[in-house]
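This briefing concerns a single protein chain, shown below with its sequence.

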Amino acid sequence: MSVIADQTNTTRMTGHTDASADAPHFDAVRLARRPGSGKIGLLLVALAVVCGLITFVILTGLTPVTPTPRVVVSLLSINSVIVAAMVLLIGWQIWALVQARRRRMAGAALQTRIVSTLSLFAAVPAIIVALFAAVTLNRGLDTWFSERTQSIVDSAITVAESYLNEQSDVARTDITAIANGIDQQKQLFENNRNAFLRGLATTSSLRSLTAAYIINRSEKRIEASVTANRRVTFTPPLESSFTKAANGDPVLNGPGIDNVIRALIKLKSFADHYLYVYRTINPEVIRQLAKARAEKAEYDRLRDQRTGLQLTFAFMYSGVMFVFLLAAIWLGMWFADRLVEPIVNLAGAARKVSSGDFDAKVDVGKGTGDLAKLGKTFNQMTEQLQ
């Protein structure tokens, strides 16, 4: 006991050279607690998680924001900046940890194993999910752009166009038949206009025409007209339509923005008179046809941009995955710092005591765990040795 007391007094008076030599080993954990890195890291992790979630909900269409190319590029740029910042921060911490291990500082090897294990646990699930996501995306696109889907898209337009073509053929047949009848009723037209109009109205009704007009081209006026609907608005034929119909063949226009097919034909028995008829078709067909054409155009655009679409989703998913992966790695390093610190402090204090410094204490703080209890016990033991 006297020997220990002598060693203690000697250490207190002169300071033990071994303890000072081993000081870097005892303070190795300070390397894990880099000033300011904790707050910066927590801020980056929080920002990364928020940006990753925002990117996810926008790409999946869960927000009013449309994922246009400009929005996608903006999100990709923001996530890239965050990833670069986290890579720099984590790289700095890893470099410091590697330097500590090269110097054989206390706790560096344990901290390296903990960080490696936690990083592996974070990376493996992310890689597996990425592989499944890539396969699922490719299969989904294969189904979306399959020949069967293409056939369905084309069929919707074909059915609507077939209906319109059929209605155009009916209008062509009707106007030709009515014009032939009017050519045979020229005298009735000139002598008894009311009887002529009644006959024209009956014929138009039987053929489901909305309106019929006899136009004098040279005088630019309507000689006779019948309409099945008073809300019908007369739209004069174009001069080019008169020119095309001058040879006796019917000229059809429409349907355009409205649901009316207009047909024009020259009356052979009249000097410069033309028959002009309206045929109304189902407006729902026009709306569905316009919708089908717009969707087909969008479908063809996406099909042509399929590779770009896959690359865009791949980049965006990779960016989001790296954000969360790096966040998990940093949290693992943060956890490892705090897990290793009390162990290293205890080991450092034990080395100081073994070198003769019985004033060594373990900073247990306000902890109540097993390591804190062990530190308090160690401090009590060193007090008894003094």
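The structure is a predicted model, in which local features need pLDDT of at least 70 and side-chain atom pairs count only at pLDDT 80 or more, while totals for chains, interfaces and linings use all residues. Residues are numbered from 1 along each chain as its sequence is written, and side-chain values use heavy atoms, with hydrogens and water left out.

**Overall composition**

- The chain has 13 helices and five strands, where helices (H or I, at least four residues) and strands (E, at least two) are DSSP runs numbered from the N terminus.
- Of its 386 residues, 36% are buried; buried means under 20% relative accessible area with a 1.4 Å probe, protein chains only.
- The accessible surface amounts to about 23,000 Å², with 60% of it belonging to carbon and sulfur atoms; areas come from the Shrake-Rupley method with a 1.4 Å probe.
- Among contacts (heavy atoms within 4.5 Å) with a separation of 6 or more, 68% are between residues 24 or more positions apart.

**The sheet**

- Five strands form an open sheet in the order β2-β1-β5-β4-β3, with antiparallel pairing; two strands pair if DSSP finds at least two bridges between them.
- The edge strands, each pairing on one side only, are β2 (221-227) and β3 (251-253).
- From one strand to the next, the twist averages 15 degrees; axes are lines fitted to C-alpha atoms, for helices over the stretch in contact, and angles run from 0 to 180 degrees between N-to-C directions.
- Strand β1 (residues 211-216) runs antiparallel to β2 and is joined to it by six bridges; isoleucine 214 has alanine 224 in β2 as its bridge partner.
- Helix α9 (residues 193-206) packs on the sheet and touches β1 and β2, its direction making about 50 degrees with that of β2.

- All seven residues of β4 (residues 260-266) are buried, so the strand is largely enclosed by the rest of the structure.
- In a regular strand the side chains alternate between the two faces of the sheet.
- On one side of β4 the buried residues are Val260, Arg262, Leu264 and Lys266, and on the other Ile261, Ala263 and Ile265.
- Three bridges pair β3 with β4 in the antiparallel sense, and valine 251 stands opposite leucine 264.
- Six residues separate β3 and β4 in their hairpin, where glycine 254 in the turn has a positive phi of about 95 degrees.
- A hairpin through six residues also joins β4 to β5; the antiparallel strands β4 and β5 (residues 273-280) share seven bridges, and isoleucine 265 stands opposite leucine 275.

- Helix α5 (residues 69-102) has 34 residues and should span 50 Å at 1.5 Å a residue, which agrees with the 48 Å between its end C-alpha atoms; the expected span is 1.5 Å times one less than the number of residues.
- Arginine 104, which follows α5, has a positive phi near 60 degrees.
- Helix α11 (residues 283-304) reaches 32 Å from its first C-alpha to its last, and its buried residues include Val285, Leu289 and Tyr299.
- Asparagine 282 caps the N-terminal end of α11, with a side-chain oxygen 3.0 Å from the backbone nitrogen of glutamate 284.

**Asparagine 259**

- Asparagine 259 lies in the loop between β3 and β4, and its side chain reaches the backbone oxygen of isoleucine 281 at 2.8 Å.
- Leaving aside neighbours within four places in sequence, asparagine 259 is in contact with Arg279, Thr280, Ile281, Pro283 and Ile286.

How values were computed: Buried < 20%, exposed > 50% of the residue type's maximum accessible area, 1.4 Å probe, protein only. Polar contact = N/O pair within 3.5 Å; in protein donor to acceptor, adjacent residues only side chain to side chain.
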